[in-house]
Amino acid sequence: RFTDDDFGADCNITAMLDKLAAPCLRAEDDGGATSAAPGGVPAALSSIDTTELLERFKDAQEDLGAIEDRLTAELEELADGCAAREDAYGRMTEQVGPYLDTVFEHFEHLETRISHVGSTAVRLGE
């Protein structure tokens, strides 16, 4: 059976398939012979329990479907959370915007006032 742990950074599909199919391959003790059975299949692997192999693949398909469904649900939940946070950020920006405009106006007024004071100081110094 597949789990999330099977799909880590070091995921190896060939090893996963080998693990899945290994119990279905019945090695025949041929005394160390390496001859091939009809069809080019090595004699040691000529006996395959196809019924069990099919069942294992069906189970694996179900496992993968369940993992996909769970991941899809998690992705949708994350996307919904991102959308909610984006909306909240937009509302906050709209609320803070007028305050920022007021701060900017005060800053411009302060800058004008400083400039005026500086000009007055220059004239007094002359």
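Of the 126 residues of the chain, 10% count as buried, meaning under 20% relative accessible area with a 1.4 Å probe and protein chains only. This is a predicted model, in which local features need pLDDT of at least 70 and side-chain atom pairs count only at pLDDT 80 or more, while totals for chains, interfaces and linings use all residues. Residues are numbered from 1 along each chain as its sequence is written, and side-chain values use heavy atoms, with hydrogens and water left out.

The chain holds two helices and two strands, arranged along the sequence in the pattern α-β-β-α; helices (H or I, at least four residues) and strands (E, at least two) are DSSP runs, numbered from the N terminus.

## How the helices pack

Helix 1 (residues 13–21) and helix 2 (residues 50–125) pack at an angle of about 130°, with their axes 9 Å apart, the axes being lines fitted to C-alpha atoms over the stretch in contact and the angles running from 0 to 180 degrees between N-to-C directions. The two helices are therefore oblique to each other, since angles under 35 degrees count as roughly parallel, over 145 as roughly antiparallel, 65 to 115 as roughly perpendicular and the rest as oblique.

In this packing, L17, K19, L20 and A21 of helix 1 meet L53, R56, F57 and A60 of helix 2, where contact means heavy atoms within 4.5 Å.

## The nonpolar core

F2, M16, L20, A60 and I67 make up the largest nonpolar core, a set of buried Ala, Val, Leu, Ile, Met, Phe, Trp, Tyr and Cys residues joined through side-chain atoms within 4.5 Å. Helix 1 and helix 2 are the elements that give two or more residues to this core. Leaving aside residues up to four places away in sequence, I67 touches F2, T3, D4 and F7.

Technical notes:
Buried means under 20% relative accessible area, exposed over 50%, partly exposed in between (1.4 Å probe, protein chains only).
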